[in-house]
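These notes are meant for someone opening this structure for the first time. Please read them with the sequence and the model side by side.

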Amino acid sequence: MLSKFITCGANANYANFTNCLFSKFMEFVKFEKFALKKRCGCHSTYCTYCLPFILLLCCSLSVAAEPADIPGSAVLPNQSIFMLDAGYASVHDSYLTPITYDGIDLGLSIEATRWVNRYRWLWQLGVGAGYNYVENNAQNNELHKVMGDISFNMQHAWLGLIHPRLGFSAGPMTQLRAGIVYDAVNSNNPVTVRAHWNLGATGMAWFNPLLGRLPITLRYQLQLPVAGVFFAPEYDESYYEIYLGNHKNLAHLGWWGNRFDMTNYLGADLRLGKTVLRIGYRNRLEHWTVNNLHVHDVTHSIVLGISL
Amino acid sequence: MLSRFNQTTRTTINNKNNRVFFKNVVPVVQCCLCCLILCCLCWGCAEKDEFERDQVGNFEALWTIMDEHYSFFDYKQVDWNEVHSRYRALVSNDMTDRELFDVCGDMLKELRDGHTNLIASHDVSRYWVWEQWPVNYNERLIDQHYLNFDYKRASGIKYQILPDNFGYMYYGSFSSVIGEGNLDLILSYLSTADGLIIDVRDNGGGYLTNVETLVSRFIGEKTLAGYICHKTGKGHNDLSEPYAYYFEPTKNHIHYLKPVVVLASRGSFSATNNFVSIMKSLDQVTVVGDTTGGGCGLPFTSELPNGWRVRFSSCPIMDAQGRLTEFGVAPDVRVDMDEDDHTHDAILDTAIDILARATAAPRLPQRSNAKLQQQYDN
């Protein structure tokens, strides 16, 4: 039974291989169910379904067929990935407190990638929301940071320059991020609003190797806003004064002299047929100094994703 | 099954392809990792705090926070550097948290500011000067002898029409949010009264938005409420230009434009002080009682490395004449209660008397406070 299945995988490209994998799965389960029952006499769910699945997964990863050297194998597929970020966050906002808080970072996002103009250009659209729960060192207070963002970039791609499976791309990007940081115990400065719109550059390098027969994409991407507009109150200006109508000096031109943002992403996409599983690492930095206020936020997160 | 699996695996894996794979993947991954690590090292590290977490570090943090954020050093003529040298000598890393707290609390009292507190798990340091002044308010006395325990209550406001046909409303805290609908019902009920007494004695303040909500019912046109400014930098005199702010009558709601008397005491602090200062500038309003407790700096909060919080005056708010009211708003008619008289509230009696005269005459004399004061002194 298993050899039949492996033969099926070896003769097909990977998409067909995976379809075949799932269509044969239940048949395989029936076969193995009987065999395993005979072996261990167990009727558990693990023995009935999980163990065969694990065996199949091992087979699919290890016994894949020879990769075909197709043209354009450096191409990233058009895809939309839903991602979950989880990791470490550090928040320093001198409007709220001079103390640096640290804690956990959680985020949800969707990233869509599409090719245009015969694989010369690609665009990416990202939409996400993040939440930081951070505590002070004394562990008697916490900040809540909630941010939403939307970004779009258009990148020119260079495929197969150094290696047939290696690609590079770079291009302009724009990003809108907004949210709040909330401190429950502060009196008239309990919250600070974060909002900025940036123009900048982004670049990617990726490599599409085969892990056995499993196609994967290793990708590094840097998003680097260069200039933009962002909101910040004056040094000790209360939001009550802003509410009363004093809107002077709230919008600031951001550039690398007063503001630096950066997002690094390094990850791998595992292509299981039409389904893509993503695992990676994301580092995000937001740093600005204006009106004698100082902000320095950092996150380091593990990224898990699945294609939509 | 597993042996067959292993055999098949061995036959299908192409060693040459694997070598190519690793030969190409590893340098790319290495490059990416190097870029990432360099970037993270340069910029991605968490911010380091400026002060140590020991006792001296906490003291220095407190002094620095106040030095950079407090807004009344010059107004109160406090030499903060001199204060530092005097109190720094009392601090060492050997002292306990309570000892440090006491030293820090005493240092903050040098600022003579009711809005300045050091807040720890075990105590709150304070300079609540009104605790030392006559209370000038007795709730039980009013409930029993003026309201006969018969009053309405909505949005934190106690209200009733007194036998002389003057409305009375007591608002005990500006932290109690006033609903516009509730205020409509209150003023609707009191609209038949010939005059209104707004009692904000012993009201320690709260939300400034409630001040606007309440004042907006007693003005007929856009009115200058005062000026507000804020610190723009770390220097003691780094203050913004005062920003004039106005209140407008609330549209489509009930307004009360008959004579009004506001009762104030030393316990009328912070937002209440602001309320009294704005009401005092209105023509139909007379303020009776004691000078308010002051507190015209909008307080901000900051934090020490050990987790203690410090609250301090940060944004000065001035009255419509551009004067700071940090030390209180003087009443139009100064009256104290007789502490031995448990049946009469002299301040409330004076308010009733003023309203009686105002409603008997065609109009309350505008800003004839000196004459009014002299009359009541006699």
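1. Basis. This is a predicted model, in which local features need pLDDT of at least 70, side-chain atom pairs count only at pLDDT 80 or more, and totals for chains, interfaces and linings use all residues. Residues are numbered from 1 along each chain as its sequence is written, while chains are lettered from A and ligands numbered from 1 in the order in which they are written.

2. The two chains. Chain A has 4 helices and 12 strands, and chain B has 11 helices and 13 strands. Helices (H or I, at least four residues) and strands (E, at least two) are DSSP runs, numbered from the N terminus. Of the 308 residues in chain A, 42% count as buried; for the 378 residues of chain B the figure is 41%. A residue is buried if 20 or more other C-beta atoms lie within 10 Å of its own, exposed if 12 or fewer, and partly exposed in between, with C-beta atoms placed from the backbone.

3. Contacts along the sequence. Two residues are in contact if their C-beta atoms, placed from the backbone, lie within 7 Å. Taking contacts between residues at least 6 apart in sequence, 63% of those in chain A join residues at least 24 apart.

4. A helix pair in chain B. Helix α8 (residues 208–215) of chain B packs against helix α9 (residues 271–280) of chain B at an angle of about 30 degrees, with the axes 9 Å apart. That makes α8(B) roughly parallel to α9(B); angles under 35 degrees count as roughly parallel, over 145 as roughly antiparallel, 65 to 115 as roughly perpendicular and the rest as oblique. Axes are lines fitted to C-alpha atoms, for helices over the stretch in contact, and angles run from 0 to 180 degrees between N-to-C directions.

5. Residues at that contact. On the α8(B) side are B:Leu208, B:Val211, B:Leu214 and B:Val215, and they meet B:Ala271, B:Asn274, B:Phe275, B:Ile278 and B:Met279 in α9(B). By class, the contact of α8(B) with α9(B) has 8 nonpolar, 1 polar and no charged residues. Here Ala, Val, Leu, Ile, Met, Phe, Trp, Tyr, Cys and Pro count as nonpolar, Asp, Glu, Lys and Arg as charged, and the others, Gly among them, as polar.

6. B:Val215. This residue is in helix α8 of chain B. B:Val215 is buried, with 21 other C-beta atoms within 10 Å. Setting aside neighbours within four places in sequence, B:Val215 is in contact with B:Ala225, B:Phe247, B:Phe275, B:Ile278 and B:Met279. B:Val215 and B:Met279 are 64 residues apart in sequence and 7.0 Å apart in space, C-alpha to C-alpha.

7. Surroundings of α9(B). Because 10 of the 10 residues of α9(B) are buried, this helix is largely enclosed by the rest of the structure. The buried residues include B:Asn273, B:Ser277 and B:Lys280. The buried residues of α9(B) pack against α8, β7 (223–228), β9 (260–264), β10 (285–289) and β12 (309–318) of chain B.

8. Helix α10 of chain B. How does the span of helix α10 (residues 346–360) of chain B agree with 1.5 Å a residue? Its 15 residues should span 21 Å, and the end C-alpha atoms are 21 Å apart, which agrees. The expected span is 1.5 Å times one less than the number of residues. Among the buried residues of α10(B) are B:Ile347, B:Leu348, B:Ile354 and B:Leu355.

9. B:Ile142. This residue is found in helix α6 (residues 139–145) of chain B. With 19 other C-beta atoms within 10 Å, B:Ile142 is partly exposed. Not counting residues up to four places away in sequence, B:Ile142 touches B:Leu147, B:Asp345 and B:Leu348.

10. Two residues with positive phi. A:Tyr119 has phi near 65 degrees, a positive value in a residue other than glycine; A:Tyr119 lies in the loop between β2 (101–116) and β3 (121–135) of chain A. B:Arg112, also not a glycine, has a positive phi of about 50 degrees, and is found in the loop between α5 (97–109) and β1 (117–119) of chain B. A:Tyr119 is partly exposed, with 14 other C-beta atoms within 10 Å, and B:Arg112 is partly exposed, with 15.

11. A:Tyr220. Strand β8 (residues 214–231) of chain A holds A:Tyr220. A:Tyr220 counts as buried, with 22 C-beta neighbours inside 10 Å.
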